[in-house]
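Reader: Can you walk me through this one? Keep it short, please.

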Amino acid sequence: MQQGIQVIPLIGVILLVIITIGLGFYIRRSVRGTADMYVASRAVSVPMNSSAISGEYLSAASFMGVAGMIMKSGYDNIWYPVGYAAGYLFLLLFIASPLRRFGAYTIPDFAEGRYDSPRFRKIAVIFVLFIGFFYTMPQMKGAGTAFVNILNTPYWVGVGVVGFVVVFNVALGGMKGITFVQAVQYWIKMAAISIPMFIMFIYLGGYGANLEKFHNDPRQGNSLPRFAADYTAIYKPDPPMNEIVFGAATRGVFLNDTRVVITTSRRIPADAAGVDAQQLMNSTLPDTSELITLPTGERAAAYLYRAGDRFETGNPVTVISQGHPVTVADPVTGEKHPLTVSARFIVTPAGPQNEVRISYHAGQPVPNAPADKSWLEPYGVLSSQYGHPVIYTYSLIIAIVCGTAGLPHILVRFYTNPDGKTARKSTFWVMILLGVFYLFPPMFGALGRAWTPELYSVAGGARSTDSVVLVLPRLLNNYVPHLGDILSAVTSMGAFAGFMTTFSGLLVSMTSALAHDVYGTMINPRATSSQKVAAFRVFAVIAGSTACLLGVFVENFDINMMVGWAFAIGAASYFPMLIVSCWWKKCTAIGAGTGMLIGGTSALAAIVSVMLADKQLIPSLGVWFGEHPVIKTLCEQPAIWAVPFSLLLIIAVSAATQKYVPPNSAWKMLVLHAPEELNLQNREYITEDEERGYL
Amino acid sequence: MSGSNEMHPGPGQKQTSKQVPPASEMKQIPSASEVYLDKLMKSQFRLSFRLFMVFVGILLGLPALNYVFPEIMNLRISGFTLTWLLLAVLIYPVTWVISWVYVRNSIDLEEKALTWMKTGEEQQGQQEGGACGCSREFR
């Protein structure tokens with residue numbers, strides 16, 4: 001493990017921060033008023049705008065998280081990048097051009113303008129802020145994690161640095177300022193993920209050659225990755241970082257006094273004979289143990305291992321019920337297999353330290369790693385976790401695809417295009433820029449599994465699979481001195497570009513919701529242009545600081561899980577509302593509002609219920625979910641029912657409230673779809689500033 | 001973008017707090033154009049929807065293939081499994097083709113509709129006082 005400050009990556013990150021702030025200052029001189037601040041005067045060219053959209057879209061989740069997720073669970077997680085890209089296609093097909101042509105600036109503008117309903121604007125504002133904050137938290141977590149890796153600073157330092165730089169740039173240059181920065185940072189990210197990968201191919205073997213190391217034939221499909229060198233894993237006492245699942249007999253040494261609860265890796269049916277701790281272990285259990293109550297309410301023995309104690313877990317054992325092996329059906333093929341379980345540790349430090357250190361020797365199987373076959377093939381560990389992989393997969397796809405189409409910071413970007421035609425053209429180029437980028441995270445996943453399997457050993461936190469993009473290039477130090485550090489500096493720059501662009505996009509959309517929709521429209525509709533610019537800056541600082549504070553609290557959350565939440569809510573609220581509003585004349589404000597509100601909140605409620613159950617805050621719910629795995633799948637990935645539900649609600653409620661159809665809805669539809677040449681455009685919501693040059 | 005702002009020159013309207021177009025503005029759309037626009041919107045939607053169905057077919061078909069033909073989808077091709085190759089590499093060019101077809105066709109549709117409208121209005125004559133004004137505002 002690398003300890004101490006990584007000097008070369010640090011220089012890379014400092015360089016990036018200086019470039020970003022410098023660009024902000026450079027752009028500031030040309031920012032003249034509200035229109036620049038909110039929509040970059042709607043005059044961004046196609047190459048610039050498509051790079052900026054892509055730059056904004058490729059977040060920490062895309063840059064680090066996707067590679068880490070693919071390394072962690074394999075094939076199932078490739079749906080993430082595919083869904084991110086495919087969501088854009090749906091935006092292009094249905095939403096990009098009408099939304100630009102309508103001329104509204106924010107989604108709340110659109111909601112109010114389409115239906116002449118100020119109340120609808122308020123609902124939309126709440127959703128912008130909600131999705132925005134949900135989506136900033138993972139960006140912040142990524143920033144904090146990356147800083148831990150590069151600098152060994154406390155987690156909150158990274159959050160603070162990224163927060164400061166972005167708030168500074170947004171407050172200074174608004175949309176115009178970040179457009180240029182985001183366009184530049186797309187190319188930084190593209191270079192940062194592709195160049196190190198090509199160099200690694202030279203030393204570590206190609207994409208296919210590395211995938212070839214993983215077996216999916218029945219004989220070797222159960223192989224686990226093994227430590228390449230001696231490794232000390234650090235387990236923090238919070239779930240999921242304190243859980244260690246051993247797939248096969250593994251030897252290790254505790255480096256400090258540790259209490260270990262030894263349970264089975266999978267749930268055992270209630271009618272089967274229990275498997276006790278000693279059956280799961282090859283080494284003899286320590287004499288000292290105490291009975292503690294698990295958060296689930298069960299009583300379990302916690303064994304006290306002293307510093308220096310060795311242990312060896314056992315190979316999987318078959319669960320027996322009344323003298324016969326218990327069988328489980330493979331969820332995909334339906335074949336019956338005997339149910340086997342292995343050891344699962346829940347570790348807590350027993351001494352003064354706040355972490356548990358376990359040392360593993362080279363050649364030992366890596367704990368927490370999935371076996372080759374389940375990693376390489378579809379319906380593996382991620383989608384099969386509740387036994388209904390097909391439903392899980394489809395729901396995941398729908399959530400990601402529709403969620404992309406409902407993210408407020410992405411939608412706002414269409415307003416910076418000069419017209420609907422260029423909005424389409426930009427989106428086409430975005431498809432290409434994103435598609436090329438997304439070829440790379442699965443490569444990091446594959447090479448990471450082959451070359452840095454030790455990252456599996458801790459299930460979360462700063463040194464888990466999430467950091468594969470930063471850790472993997474360092475291996476090249478073994479081939480050419482400092483090459484690894486330089487490449488790691490490059491990927492670190494890319495990761496920071498990721499946090500900054502997405503956070504700045506979100507901050508602009510949240511700030512716009514506050515400054516334009518709340519302040520400019522509800523509180524002080526007569527605000528002058530300079531008041532609006534001032535409001536924009538004040539709200540940028542307020543929203544940015546709030547996001548940083550929230551970011552500090554989510555250190556132990558999974559980046560992609562949080563992104564998934566933002567997406568599921570967006571998928572069930574904005575996406576149905578926008579698509580029906582753009583294409584159905586008879587839709588009413590009540591219908592669209594009801595669908596968005598109830599669809600979005602029910603998706604949120606479903607997801608939160610899973611979190612409450614998983615974090616053991618409502619143990620009875622966890623037990624109930626355990627008995628109803630289909631419902632748990634549907635709650636964790638709610639899009640599969642929430643999107644159609646929300647669409648149906650919009651249509652049904654609109655049909656029931658036909659007398660409230662806006663009288664000019666035919667005209668509104670024309671505005672949405674007529675080419676600009678006819679000049680039917682709705683009013684501009686952001687007027688060009690007359691007090692030029694006052695800044 | 002100043003052209004569209006000139007439609008609302010009044011100082012009181014600078015705040016754009018209401019979006020209902022004045023009646024005079026709505027009359028600016030000749031009824032013939034409205035018919036064409038309606039037609040344009042429908043054909044745009046048909047185009048989008050057809051391409052959407054093609055892509056959804058591919059996107060949702062892949063998990064089905066994985067489920068029904070796992071042996072074929074997990075065949076190894078120079079290290080990759082077939083399904084890995086499809087999902088992690090080849091799906092992106094498919095999205096490019098679909099979006100290229102869409103952008104080209106939708107711009108064609110609009111240009112066609114604009115030509116119809118112009119010729120249609122010329123046939124109607126200039127009795128309504130040069131109704132649309134689209135050529136004047138042509139960017």
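Author: A definition to begin with: two residues are in contact if their C-beta atoms, placed from the backbone, lie within 7 Å. The model is a predicted one, where local features need pLDDT of at least 70, side-chain atom pairs count only at pLDDT 80 or more, and totals for chains, interfaces and linings use all residues. Residues are numbered from 1 along each chain as its sequence is written, while chains are lettered from A and ligands numbered from 1 in the order in which they are written.

Reader: Fine. Which residues of α7(A) meet α8(A)?

Author: From α7(A) come A:Met140, A:Ala143, A:Gly144, A:Ala146, A:Phe147 and A:Val148. On the α8(A) side are A:Tyr155, A:Trp156, A:Val157, A:Gly158, A:Val159 and A:Val162. That contact has ten nonpolar residues, two polar and no charged. Ala, Val, Leu, Ile, Met, Phe, Trp, Tyr, Cys and Pro count as nonpolar, Asp, Glu, Lys and Arg as charged, and the others, Gly among them, as polar.

Reader: At what angle do α7 and α8 of chain A cross?

Author: Roughly 120 degrees, and their axes come within 7 Å. Axes are lines fitted to C-alpha atoms, for helices over the stretch in contact, and angles run from 0 to 180 degrees between N-to-C directions. α7(A) and α8(A) are therefore oblique to each other. For the term: under 35 degrees is roughly parallel, over 145 roughly antiparallel, 65 to 115 roughly perpendicular, and the rest oblique.

Reader: What counts as a helix or strand here?

Author: Both are DSSP runs, numbered from the N terminus: helices are H or I with at least four residues, strands are E with at least two.

Reader: Next pair. How far apart are the axes of α12 and α23 in chain A?

Author: They are 8 Å apart, at an angle of about 50 degrees. Residues 389–404 make up α12, and residues 639–656 make up α23. Seven residues of the contact are nonpolar, two polar and none charged.

Reader: And α22(A), which residues are buried?

Author: A:Lys632, A:Thr633, A:Leu634, A:Cys635 and A:Glu636. A residue is buried if 20 or more other C-beta atoms lie within 10 Å of its own, exposed if 12 or fewer, and partly exposed in between, with C-beta atoms placed from the backbone. The buried residues of α22(A) pack against α12, α20, α21 and α23 of chain A.

Reader: Sheets now. What is the strand order in the five-strand one?

Author: It runs β2-β14-β4-β6-β5 in chain A, open, with antiparallel pairing. Strands pair if DSSP finds at least two bridges between them. β2 and β5 are the edge strands, each pairing on one side only. The twist averages 35 degrees from one strand to the next.

Reader: Is β5(A) buried or in the open?

Author: Zero of its five residues are buried, so β5(A) lies largely in the open. Five bridges join β5(A) to β6(A), and A:Leu291 stands opposite A:Ala301 in β6(A). On to β4(A): four bridges link β4(A) with β6(A), where A:Arg259 faces A:Leu304.

Reader: Last topic. How many helices and strands does chain B have?

Author: Five helices and two strands, in the pattern α-α-α-α-β-β-α. Of its 139 residues, 25% count as buried.
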